Amino acid sequence: MSDEEDIVLSELADDELVQQMHDDLYDGLKEEIEEGTNILLERGWQPYNILTQALVEGMRIVGEDFRDGILFVPEVLLSANAMKAGMFILRPLLAETGAPTLGTMVIGTVKGDIHDIGKNLVGMMMEGAGFEVFNIGINNPVENFLEAIEQHKPDIIGMSALLTTTMPYMKVVIDTLIEKGMRDDFVVLVGGAPLNEEFGKAIGADSYCRDAAVAVETAKDFMKRKHNQMSASA
Ligand code: B1M
């Protein structure tokens, strides 16, 4: 019997359990992540704290070792899968605010890029804050954004890119909106690990969002301004 099998998650103290969840995420153990997430919920942890302290932090460690060539794509896929299983449990709880709809967002990862964990997290947090979110998935050419805009008439367009090779595609989407005379109809928010504020400005986005919490705050701010402008011109 391995050490892993000896560990009973429910017998661990909170900090040990969180530590163990980092290890389990690293090892891509989906069922253990589900179990750990449920245990922390039963112990009264806030869904947001489980998300940030157990899951996102675990994924940060995975990311470091991926960068350093210690972990490879197949292993990281397992970690991502385990992370998604935890997020799946937390999603309805994060969305359970009962708040009226603050606005509508279409969010997607841009063409050439299949990273979706951060984007999904932003979507979940936006839903939790009271936005209606249409998540159009990964690898989206500009046509997909246009189709979703037509269909959902969003207030906010969110774009995610995790690769230095795909982040320039965000400008393609924004430039297309400009060409079509639609740019000013929406707030465009961008995010993803390789981006920064300067890049966001350079491509003509309204704002770069460092993380999901910043995305929510920024979106709320823009909606507040939009409503103020509308009531001033009424
Ligand atoms: Co890839 N990957 N990956 N990867 N991967 C990175 C991004 C990388 C930094 C790893 C590294 O080398 N350290 C590196 C990019 C290097 C670069 O471009 N400079 C990299 C690479 C190279 C690759 C491949 C090319 C590897 C290969 O095939 N040789 C390949 C590319 C595939 C492709 O997209 N075409 C690849 C593949 C993969 C997997 C499929 C194995 C998997 C993705 C699984 C999935 O997403 N379903 C994967 C993963 C998991 C990662 C790392 C390890 C983790 C990303 C993640 O989920 N982080 C990542 C390393 C890293 O980022 N440190 C890496 C957790 C997530 C919560 O954070 O996504 O940053 P993040 O999202 C944050 C913020 O950025 C922000 O809010 C989120 C929540 O707070 N945010 C937004 C994100 N999107 C936003 C949108 C908004 C607002 C905020 O809109 C309003």
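**Cobalt ligand site in a predicted model**

The chain holds ten helices and five strands. Helices (H or I, at least four residues) and strands (E, at least two) are DSSP runs, numbered from the N terminus. This is a predicted model: local features need pLDDT of at least 70, side-chain atom pairs count only at pLDDT 80 or more, and totals for chains, interfaces and linings use all residues. Residues are numbered from 1 along each chain as its sequence is written, and side-chain values use heavy atoms, with hydrogens and water left out.

- His115 (NE2) is the single protein donor to the cobalt atom of the ligand, 2.2 Å away.
- Donors are N, O and S atoms within 2.8 Å of the metal (3.2 Å for Na, K and Ca); water is not among the atoms, so sites may look incomplete.
- His115 sits in the loop between β1 (103–109) and α6 (117–128).

**Polar contacts** (pairs of N or O atoms within 3.5 Å)
- A polar side-chain atom of Asp116 is 2.7 Å from a nitrogen atom of the ligand.
- A backbone N or O atom of Gly112 is 3.0 Å from a nitrogen atom of the ligand.
- A polar backbone atom of Ala193 lies 3.3 Å from an oxygen atom of the ligand.

**Shell**
- The ligand is surrounded by 33 residues, each with a heavy atom within 4 Å of it.
- The closest are Arg67, Ile114, His115, Asp116 and Ser160.
- α5 gives the largest share of the shell, five residues.
- The shell divides into 18 nonpolar, nine polar and six charged residues.
- Here Ala, Val, Leu, Ile, Met, Phe, Trp, Tyr, Cys and Pro count as nonpolar, Asp, Glu, Lys and Arg as charged, and the others, Gly among them, as polar.

**Overall dimensions**
- Along its principal axes, the C-alpha trace of the chain spans about 65 × 40 × 30 Å.

How values were computed:
Polar contact = N/O pair within 3.5 Å; in protein donor to acceptor, adjacent residues only side chain to side chain.
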